[in-house]
Amino acid sequence: MIAGEVTAAPSSGGVVEGSTVEGPGVAATVPEPQRAHPSYHPEVVHGPLSVRALLRVDEALRLADAATGLTFSVYIGELGEDSRDTAQRLHARLADPDVSVLIAISPNERVLEIVTGSRARKRILDRDAHLAAKSMVAAFSGGDLGGGIVAGIAQLADHAGRAPSDN
């Protein structure tokens, strides 16, 4: 997971209305690397999450993907004035938006958006996404950005349930 990075592919998805993220805003500074290295991503290393929190989020994403058959993604960065539209555009650029769930967070703007693709939306209802958003906001209020993301992913995966079998 790289902060602010998504892969390209066209589609659309539904968005749970933006929830206000309560808690301290986190500003990430991106200094130039001393040596250019293809795997060096200063926006991640010097971003709003610690290495430990990044590892926890990565593990939560991996587990949610495996358990549900959906693809979960997290975007942390500025969403702009129309956060809903920005989150929808980011979601549409994911590799398979129909089965994708995007959690878009802008700590500085105190905005959280959850976007679900058409097939994911059948398994994660808007009310379920709202509950997950409230859980995340509570953690963010306590200053735990990484923990809030992990809790939100887990809740969304629980609501989605197990991946349907191909029998």
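**Exercise 1.** Against which helices and strands do the buried residues of H6 pack?

*Solution.* The model is predicted: local features need pLDDT of at least 70, side-chain atom pairs count only at pLDDT 80 or more, and totals for chains, interfaces and linings use all residues. Residues are numbered from 1 along each chain as its sequence is written, and side-chain values use heavy atoms, with hydrogens and water left out.

Step 1. Helices (H or I, at least four residues) and strands (E, at least two) are DSSP runs, numbered from the N terminus. The protein chain holds six helices and four strands, in the order β-α-α-β-α-β-β-α-α-α along the sequence.

Step 2. Buried means under 20% relative accessible area, exposed over 50%, and partly exposed in between (1.4 Å probe, protein chains only). In H6, the buried residues are Leu 145, Gly 146, Gly 147, Gly 148, Ile 149, Val 150, Gly 152, Ile 153, Leu 156, Ala 157 and Ala 160. Of the 167 residues in the protein chain, 44% are buried.

Step 3. Contact means heavy atoms within 4.5 Å. The buried residues of H6 pack against helix H2 (51-68), strand E2 (71-76), strand E3 (100-106), strand E4 (111-117) and H5.

**Exercise 2.** Describe the packing of H5 on H6.

*Solution.* Step 1. Two packed helices are described by the angle between their axes and the distance between the axes. Axes are lines fitted to C-alpha atoms, for helices over the stretch in contact, and angles run from 0 to 180 degrees between N-to-C directions.

Step 1. The axes of H5 (residues 126-141) and H6 (residues 145-160) come within 8 Å and cross at roughly 165°. H5 is therefore roughly antiparallel to H6; angles under 35 degrees count as roughly parallel, over 145 as roughly antiparallel, 65 to 115 as roughly perpendicular and the rest as oblique.

Step 2. By class, the contact of H5 with H6 has 10 nonpolar, six polar and one charged residues. Here Ala, Val, Leu, Ile, Met, Phe, Trp, Tyr, Cys and Pro count as nonpolar, Asp, Glu, Lys and Arg as charged, and the others, Gly among them, as polar.

Step 3. The buried residues of H5 include Asp 128, Met 136 and Phe 140. Just after H5, Gly 143 has a positive phi of about 85°.

**Exercise 3.** Where does Arg 110 lie, and is Arg 110 buried or partly exposed?

*Solution.* Step 1. Arg 110 lies in the loop between E3 and E4.

Step 1. With a relative accessible area of 34%, Arg 110 is partly exposed.

Step 2. Most residues other than glycine have a negative phi. Phi of Arg 110 is near 60°, a positive value.
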